[in-house]
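Dear colleague,

Please read them with the model open.

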Amino acid sequence: MNDLTLVQQYLLCAVSDSGKLTNLHSERMICFLAGGLLTLELAGCVAPAEKKKVSVAAPLPEALDDLRPMYDFIAQKGPVKPEKVAEEFYLGMTSKKFDQLFNAVGERLAAQGLAEAGGPGLLGGRKSFKPAKQAVDQVVELLRAELLEDAPITEDAAALAVLLDQSGCIKTYFSPYERKSIREKRKALSQSETGKLVEDMMCFVEDLVSAMAALTVLNNI
């Protein structure tokens with residue numbers, strides 16, 4: 001499981017029992033997009049630019065080819081604000097951009113035998129990817145080992161914890177006591193380099209969720 005990217009790990013944990021992310025899961029969908037951006041940034045493929053924007057910083061490796069829809073958008077439009085990227089893909093549910101990205105990440109998981117792919121609905125578009133229970137269990141147990149034991153926390157584990165927390169998925173996998181312990185460990189690490197990274201990620205995802213929630217309201221008026 002260590003070879004799975006951040007966004008792939010998140011998707012395994014975030015889809016419904018039927019392997020879907022729908023409009024009823026808006027925060028999970030937004031965190032999926034945030035996970036894609038963070039995966040590209042942690043890999044050095046995109047980097048912060050002026051005025052809180054991001055731009056392409058390196059070629060996209062084959063291992064991250066499932067994120068090409070997002071990478072190509074940043075390459076074409078960059079430097080671009082992360083909120084603009086998320087807006088394009090989140091509100092792009094009608095333009096099929098979200099479906100394209102979701103399907104690409106899901107198909108990579110299915111190709112590895114970690115999820116069972118289902119066809120799109122009657123109108124086409126987004127498929128379903130029902131994760132293998134063993135795959136989800138392994139992701140969660142590896143995360144638990146880093147967050148709840150006396151071991152160094154990697155950037156990917158810190159980012160995954162933030163995404164699961166902000167999307168509400170963390171309640172599915174960790175007890176109230178464990179969630180409290182995770183928050184305490186994160187607070188204790190706030191002065192370290194990893195801790196600062198965690199706080200930066202938390203602010204990034206919170207801002208993205210808030211911005212997309214506001215846009216959703218405006219588009220429904």
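Which residues line the second largest cavity? Asp165, Ile170, Arg179, Ile182, Arg183 and Arg186 do so, in a model that is predicted. Its local features need pLDDT of at least 70 and side-chain atom pairs count only at pLDDT 80 or more, while totals for chains, interfaces and linings use all residues. Residues are numbered from 1 along each chain as its sequence is written, and side-chain values use heavy atoms, with hydrogens and water left out.

The structure holds two cavities of 30 Å³ or more; a cavity is a set of points, on a 1 Å grid over the protein atoms alone, where a 1.4 Å probe fits but cannot get out, and lining residues have an atom within 4 Å of a point. A volume is the space filled by probe spheres set on the points, which are joined across faces, edges and corners.

The largest cavity, with a volume of about 80 Å³, is lined by Leu147, Ile153, Ala158, Ala161, Ile182, Lys185, Arg186, Leu189 and Val198. The helices α7 (155-167) and α9 (176-188) each supply at least two residues of this lining, and the largest share, three residues, comes from α9 (helices are DSSP runs of H or I, at least four residues, numbered from the N terminus). By class, the lining has seven nonpolar, no polar and two charged residues, where Ala, Val, Leu and Ile are among those counted as nonpolar, and Asp, Glu, Lys and Arg count as charged.

The second largest cavity has a volume of about 50 Å³, and α9 gives the largest share of its lining, four residues. Its lining has two nonpolar, no polar and four charged residues.

With best regards

Definitions and conventions:
On a 1 Å grid over the protein atoms alone, a cavity is a set of points where a 1.4 Å probe fits but cannot get out, and a pocket is an open set with protein on both sides within 12 Å along at least five of seven lines; lining residues have an atom within 4 Å of a point.
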